[in-house]
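Good morning, and thank you for coming. I would like to take a few minutes to walk through a structure with you.

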Amino acid sequence: MIEVVDLVKHYRASDGGVVKAVDGVSFGVAAGEMVGLLGANGAGKTTTLRVLATLLKPTSGTAVVGGCDVCTDPVGVRQRLGYVSATTGVPDRLTPREVLDSFGRLHGLEPAARRARVEQLLDVLGLRSCADRPAGRLSSGQRQRVSLGRALVHGPPALVLDEPTNALDVVGARDLLELLAELRSAGHAILLSTHRLHEIEQRCDRFVVIHGGRVVAAGTRQDLVAAAPAGGPATLEAAFFAVIETRGLGASS
Amino acid sequence: MTGAGRNRPGGLHAALAIARRDLVEFVRDRRTLVVTLILPVAMYPMLALSTALGLRTAATEIQVERAPARIAVVLSGDGADALARRITAADATARRRPRSVWPAQIRLETVTAAEAKRRLDAAEADVWVDVPADCDRLLDGAGTVELPVSWAAKPPPPARVQEQFTAVMTEVADEARRRRLSAAGVPAAFLEPVRLTFPGETAAAAAPKQIVPIVAGGVLVLLAVLTLTGAFYPAIDAIAGEKERGTIETLLIAPCAARDIVFGKFLAVFAITLVTLVVNVASIGATAAVAGRYLPAGLSLELPRGVVWPAAVGVAAFTGLAALASATCLAVTTAAKSGKEAQNTLTPVILLVSALAGTALLPGMRAASPVAAVPFAGQVLVARTAFDEASGGVAGPLAATIVSSLLLTWLLLGVTALMLTDEDILFRGPDAATKGLARPSRRERPTVVEGVVPLVAGLAALWYAQGLTPDDLTLAIPLQQVLTVLGPLALVVWWQRVNLVRTFSVRWPGGMPLGAGGSGRHVASLTACLGGAGLVGAGLFGIGAAALLAVKGTALSAEAEDLNRRLLHLMLERPGWLAWCLMAVVPAVCEEFLFRGWVLAAFAGAGASLRRLAVAVVAQAACFALFHLLPERMPQTFALGIALGAMTVATHSILPAIVCHLVHNSIPLGLVALAGGRAALAAAAEAGGSTTDLTGIPPWGVAAAVMGMVCGVALFAVGIRIAHTAGSSKGDDA
């Protein structure tokens, strides 16, 4: 469902130099699969996700979502992709119902289908009790669920989430990840980035570790743990540290 | 869900969805509500109330000042009774005529002098007249009666009482004059050879004065400014606010083009701006209806030909203004990353645009089609003209302003769409907004914009220096050079951190560094180049002066005449070395560093092609000519600028240009010497002869100038040739 091949994204730095934010990244996410994109700050995770969401144009390489290329068919990608940015991305003065309804309109849903979809999402996401309250007065967890609902309103087969549990407490994070697990079971292809490895350790099917704009490790939890030096704790976090410490810290530029 | 119950996304459908979503957000923003609804509703009544109160106070004061007074007059002396009779008779006669200055009532009393003085001191009377006994006889005879008049001291009577009493006594004198003429057998008409009559005077005076054309300009400018402020908060909220809240990314991944998003946001901002306009117009109308009842007599708020046509023109023009204001505010705030940053960017733009709208109030501005197309000023001008002139005259300008508004709006929306998806703008750091003002990193040469900055600053300084510059050029030239050339140049050079040697071409002709020693060929090259440059400068001065005299003769502008007078004063009154330094050395050095150093380097750029160099030489010469301000001198300074620029480019050195400029400016001093020296010219000036009355340069002079020019160019070319063969240009980078 999501296919990234040799993706490169360079930025122009303020001093005139070039920053290689993403430097030849390749991975894929199949339907009904949840993949965790791991990496330190500046590793290139958000840039990769923004390219997938058609917010950035790749310098080279390809990124395909549901058969649509981000360069040649960005509108097709947007119709097939739900994107949740690192910020919750919910307008403070609109209610959850209005947010979902407005994005339903943007995606061209017919009025009856749109109303039904909004009501369905309000129920699924547990937002019924606060459906008509301005988003500025919602808790972080509720806002994140509104953001997820906005990404799901058009029923996309692929979902990309940039640090979705960042502003949530443990309960909120657990609820959200359980929701994502249900979506995965429903056949969605899910790609999410996070720093909180313990939260996704048992929930993601596979992991892709990015460092310095390159993929430095990829596989299931067991693959990554097995590749880590013996003697340490058999956790995803320990495996992650082992991988990036062998590569050295800091993004290339 | 995919594919089921779905319209084709994007296009107008998406734009309307975004407009609807944004409108809901705007309406829930209290700042928008205050600017859109409360400000207009409160503003106009407050303005009208304060204006009406001011007018009423002023009218009352005028009315009181002109109102007929009650005057208490005490008369004393033996002739008091007789004068009292005459005053009573004159009062009765005058009251039968319309008089603008006449007391409401005159109370006359005849008392003793002591009683009169007491009453005056006690303020029981306004005026005391001590009448001599022969008053009656003198008035009927041919003499003049002296009447001492005393005014009450504490408090003194108002000026109108004094004025009206004087009018009464003038009437008494007129009556006496008529009696004298009658006694002498002269008809009364003798004193009145002309009498003016105004048959339509009564009707014309009754027509109230229309004040709408007078106040329309100010009100329309205020309306334009308030309409602009209507777009202020929605525009900030529309894109910069979305970025601040982190919602812009979610919008940009909607299945539509950036132009659809921008158009949707424009529709929402435009809707709020239109509502602001409508509320403003309604408030103006309601305020006018109320204010009309309280206007002083003789003033009217009604339009002579009704309100429909001017209002229709105004609405059409201001709808264009609202669209343009919305698009402008959106475009200006798109690059901002937060609401605060957008506010900081938009505020000065709003002030500038308001000033532009205010230009419609300038005297003599009328809505001709080209002027009507000027954004923000044109719309106000068209509406103002519609309220002021016959209805047929604004159709063309109205069309021009609407077309201009739509075109500019479309262009601005296009730019906004480009900026919205620009990755650098969308995901830049927080300090990028001030990047343009940040001190740049070190580099070889300035950019074109940076090259123009000291010129603009210099011209601005020149404007202000006019008020400071003394008439004496001994002080004026250094002050002007420091304020307009060296000051701006030094500041820009310090700020820009460019390579000074390369930018200013500070080296020997051919590119050799100044500190490097030279061979015989180098010395020959330098001598030929500088000698040639000097000859070119002298020749150019001679040819330029001859051309100027041939074309204009002595019919120079007052400014040019004044400059000539001051230059002659400098040459005749000051020591020769000082005059030479001020007229030649200082301008040659300062202006060459600015124009052939900084400006030429900026226009030429690094690694310039021949075509770019040619354009750079012409452009800097145009700037050089413009900088000299006097139109008469511009052709000559332009030609000089071309020559100086070409020399700098050919030799990669500023030295030949300095020498050429120096010689060019030194020629007048040389001519003074040729004319017999300073003493001879001073003597001629003292004898009354004008030293500026040149009517032409003799043919031999022109021939010598041309010859000097040709020889200079040839010598200069030889110098360059020698430099090249000497290999002095090796490794040159300019």
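I shall speak about the interface between the chains, and then about helices in chain B.

Please keep in mind that this is a predicted model.

Let us begin with the interface. The size of an interface is often given as the accessible area lost when the parts come together. Here, chain A and chain B bury about 3,400 Å² between them, and carbon and sulfur atoms account for 55% of that area. On the side of chain A, the residues that lose the most area to chain B are Leu55(A), Arg93(A) and Leu106(A); together they make up 24% of what that side buries.

We now turn to pairs of helices within chain B. Consider helix 2 of chain B, residues 30-66, and helix 10 of chain B, residues 258-293. Their axes lie 9 Å apart and the packing angle is about 20 degrees. Because angles under 35 degrees count as roughly parallel, helix 2 of chain B and helix 10 of chain B are described as roughly parallel to each other. The crossing of helix 2 of chain B past helix 10 of chain B is right-handed. Among the contact residues are Tyr44(B) of helix 2 of chain B and Asn280(B) of helix 10 of chain B. The residues of this contact comprise twelve nonpolar, six polar and no charged.

How do helix 3 of chain B and helix 6 of chain B cross? The axes of helix 3 (residues 80-95) and helix 6 (residues 159-183) of chain B come within 9 Å, at roughly 95 degrees, and these two helices are therefore roughly perpendicular to each other. Including Arg86(B) on helix 3 of chain B and Glu171(B) and Arg179(B) on helix 6 of chain B, the contact has eight nonpolar, no polar and three charged residues.

Finally, helix 22 of chain B, residues 576-604, has a kink of about 35 degrees centred on Leu582(B). After helix 22 of chain B comes Gly605(B), with a positive phi near 70 degrees.

Thank you for your attention.

Terms used. Residues are numbered from 1 along each chain as its sequence is written. Chains are lettered from A and ligands numbered from 1 in the order in which they are written. This is a predicted model: local features need pLDDT of at least 70, side-chain atom pairs count only at pLDDT 80 or more; totals for chains, interfaces and linings use all residues. Side-chain values use heavy atoms; hydrogens and water are left out. The bend at a residue is the angle between axes fitted to the seven residues ending there and the seven starting there. Helices (H or I, at least four residues) and strands (E, at least two) are DSSP runs, numbered from the N terminus. Axes are lines fitted to C-alpha atoms, for helices over the stretch in contact, and angles run from 0 to 180 degrees between N-to-C directions. Angles under 35 degrees count as roughly parallel, over 145 as roughly antiparallel, 65 to 115 as roughly perpendicular and the rest as oblique. Contact means heavy atoms within 4.5 Å. Ala, Val, Leu, Ile, Met, Phe, Trp, Tyr, Cys and Pro count as nonpolar, Asp, Glu, Lys and Arg as charged, and the others, Gly among them, as polar. Buried area is the accessible area (1.4 Å probe) that two parts lose on being put together, summed over both. A crossing is left-handed if the near helix is turned anticlockwise from the far one by less than a right angle, and right-handed if clockwise.
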